[in-house]
Amino acid sequence: MRIFFYIILFNLILINRSYSLIEVDITRGNLDPLPIAVSPLHVDIKSEGYKDIKIKELGDNISKIIERNFKSTGLFNPLKKDAFVQKPDIAHLKPRFEDWRLIKAQALVTGKLLIKNEKLKVEFRLWDLTASKEMTALAFTTTPSNWRRVAHIISDKIYERLTGEEGYFDTRIIFVAESGPKNQRVKKLAIMDQDGANVKYLTLGNELVLTPRFNPTNQMVTYMSYFRNMPRVYLLDIETGTQEVVGNFPGMTFAPRFSPDGKKIIMSFAKDGNSDIYTMNLETRVVERITDHSSIDTSPSFSPDGKYIAFNSDRSGLQQLYVMRSDGSNVKRITFGKGIYGTPVWSPRGDLIAFTKMHKGRFYIGVMRTDGSGERLLTENYYQEAPSWSPNGRVLVFYRETKAGEKGKGFSAKLWSIDITGYNERKLSTKTDASDPSWSSLLSK
Amino acid sequence: MNLGEKMTLKTNLKNLLLVIFATLILSACSTAKKSGDIDGDVYTGKETVEYLASGVPDRVFFATNKSSLTTASRATLRKQATFLRKNKNLNVTIEGHADERGTREYNLALGERRANAARDYLMTYGISGKRISVISYGKEKPVNPKSSPLSWSQNRRSVTVKVN
Amino acid sequence: MIKSLFYSITFHSIMILLTILSLPFMLREPIDLPPIVSVELIQISDKTNIPYAPKARKIIEETKKKEETRVVSEQAPPVAKAKEKPDRIPLPQEKKEEKKLVKKKQNPEEIKPEIRQSSEFEKKEIIDTNQIAALIDKAKEIQAVEKKKRDEITQSSKKNSFATGLTLSEEDALRAQIFGCWSIPLGLPYDENLLVRIKLQLKKDGTIMKSEIIDHERMNRPGQKFYKVLAESALRAVRLCQPLKVPPTGYDKWKDLQLNFNPVEMLKG
């Protein structure tokens, strides 16, 4: 009897020995940014001039924008061009992979462009240098003056291909440009490309303007203005420049934001010392009251599915964050930690809420899950607030103010961005002081 | 003078010295606070104050994150009410303000709440609500731009401004 | 007699069944391979893989020491590097853990992260710091359990490899080499469990004849972009590393090799 059993056991061992595969777990690697070479785009010699565009430098300039975008992510390390070994046109046809590998690049971007009949045609290829193959290739046609956007769109496509995540380069940021002494600030609405280029001012600075926010679906903006000393929420079409007051409220309306479908504006309305949250449907003009509480309820922000609203209330005595259904029911407090909380903003992915936290005289930007758990503070400073999400939910932009000395000396307000990992904090360069940033959706969508 | 008396004299002297010392320290404190004039968290000084009429200060101050009126604020507002009763044709706007240590949107609401606290008090003293409009500037218009507890206390205010 | 015949038939049919199950052509998805090979079935390899022999243990320790120095030099500790960034505020949990450890542990040096990083091998051997933390902090316990759960997939395969062809030092050498070649795509979501398994066919010199992502189809499925990105980075790592550091002997055992790439630990920082 027993012998049978042993025979079976022995057989088992043999079988498994001959067919078992060695497995090795790789749980570590380097977290250095991916080395990537961005070859200048080859300019077709048949290209014609167009207005003031310097055609010869265009290929170089586009590649520089792509490089700068990559660098700003902290995920890629664009390599220096003087080490490049191949001419752009030849590399674009088929790179000598082993040569590019020599400079330790793992990916390569090549491309070429042509301006003809007032049309700019750009194509690019992304190469995997270790696999010696093309990863993606695309071509675009547009008016030549759009060349910067082409560079951003290429950056987005490459970013998406290499990270698996949508890019955020072909986007804009609307903000408040500030100038003048601290107690007599002049504030203007301003808009710029995500990389700081193409700054345009949308108001003249005659009246105080605050908290502009993009519509996630189109080129509309909502903001607050003190036009004629009546603090109200406005709607502005940045394409046509037309603007209108939102609703007919008998008092201050503020803290506006669009619903994710872009059809409603949610905001606070203050009356007799009490602020509550309202929505207005932009199509039907129907106004709905969402909260009815004797405390301050403000800074509302919809979840991306439109089903919930996060907001800021001091009904417990101090500013805390709350979440409720979009009809105002089922209000739940989500912050119980030390300190006070403001400006909740729901991430476009829906999984996180970004916020401002104040504790012991310091200000933090952080993220937490939508039930308030998993709080992570990303950055601490003397004063900072008002986070706004990049469209892919990976980066936050916010503004930071410095401490002012006697008569406001040394005061400045600047825009900053940080990864939701807490890494890669950087200042956005703006000519003037800046605050209240809001990140647009991808323009090319 | 016996020994016991001597002892008591000594302790008395000691106590006296202590009292003098304490007074000195206190006065030193109050001189240091002279530019400050903060009671708890509320500004009590006169540095930034303007006047609607002689003896009628135009503003009252608040504690951090609060909109309740202090005893001093109430006294000031009673003077304003008396002044407004005398000038029946005068309308006013009450501007509510907050300090820079809060988020912009919340501060707008807080400023509104402070201005309304002042307005409500004036109304209980017989001033018609129609004569008083309210506007909040949040933290947008600091009177003192410095980043210090003193200037923050000066900025947490509601100011009554004549409109006509 | 009838009884024993019955036994014989039963056992034989079981055996046949098991044989079929373990035949390679039946294995389309290796992850479903039933864990027949448990640690108890010790397979004796050429050199050092005998856990109960004291002599072998010494050899392991010696080679381990050698490995350690090499591993440290080759694998720059990226986590620590990342933490140098002053502006980053550690997660509240991290803070708590550190503080508690310093307070209550008598020689905290033993569990400093630098040492933790020095070698995978050592980490497995000595202590799981999370477990210690769990003893100290009840709240931490839940986390540790969670972590265990996460590791389970990889854990089981670790056991497997222990019982197969490579000695621990050989395995460590290979692992350390690939650590150095693998650029983990930084954009990956750190809260998702991503695991990429690559099957390799090697030549005797350690160069790659064939490489294959085991769950290849998943790469082109919609919504699996992260998986694709990770798979590509793993392939790049393997190619960059050629020739792989394989033992000079026993080609038959390692000519087919499976690498499991799991970045979760690293991305969590």
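Strands E11 and E12 (residues 220-225) of chain A pair in the antiparallel sense over 4 bridges, where two strands are taken to pair if DSSP finds at least two bridges between them, and where helices (H or I, at least four residues) and strands (E, at least two) are DSSP runs numbered from the N terminus. The two strands E11(A) and E12(A) form a hairpin with 5 residues between them, and within this arrangement Val209(A) stands opposite Ser225(A) in E12(A). Strand E11(A), residues 209-214, is largely enclosed by the rest of the structure, because 6 of its 6 residues are buried; a residue counts as buried if 20 or more other C-beta atoms, placed from the backbone, lie within 10 Å of its own, as exposed if 12 or fewer do, and as partly exposed in between.

The model is a predicted one, in which local features need pLDDT of at least 70 and side-chain atom pairs count only at pLDDT 80 or more, whereas totals for chains, interfaces and linings use all residues. Residues are numbered from 1 along each chain as its sequence is written, while chains are lettered from A and ligands numbered from 1 in the order in which they are written. For chain A the pLDDT, which is the predictor's confidence in each residue on a scale from 0 to 100, averages 92, and 95% of the residues score at least 70. Over residues 14-19 of chain A, however, the pLDDT is below 50, and this stretch has 8 contacts in the model beyond near neighbours in sequence, a contact being counted if the C-beta atoms of two residues, placed from the backbone, lie within 7 Å.

Chain A contains 5 helices and 31 strands, and its C-alpha trace spans about 85 × 85 × 50 Å along the principal axes. Of its 445 residues, 51% count as buried. Among contacts in chain A between residues at least 6 apart in sequence, 43% join residues at least 24 apart.

Two open sheets of chain A may be described in turn. In one, 4 strands are arranged in the order E10-E9-E8-E31 with antiparallel pairing, and the edge strands, each pairing on one side only, are E10 (200-201) and E31 (433-439) of chain A. Strand E9(A), residues 186-193, pairs with E10(A) in the antiparallel sense over 2 bridges, and Lys200(A) in E10(A) is the bridge partner of Ile191(A).

The other open sheet has 4 strands in the order E23-E24-E25-E26 (chain A), again with antiparallel pairing. Strands E23 (340-346) and E26 (376-381) of chain A stand at its edges with a single partner strand each, so one side of each is left without a neighbour in the sheet. The twist averages 20° from one strand to the next, as given by lines fitted to C-alpha atoms, with angles running from 0 to 180 degrees between N-to-C directions. Strand E25(A), residues 362-369, runs antiparallel to E26(A) and is joined to it by 5 bridges, with Leu377(A) in E26(A) as the bridge partner of Gly366(A).

The contact between chains A and B takes 34 residues from chain A and 21 residues from chain B. On the side of chain B that touches chain A, helix H3 (104-124) and strand E7 (132-138) of chain B are the elements that give two or more residues, and the largest share, 10 residues, comes from H3(B).
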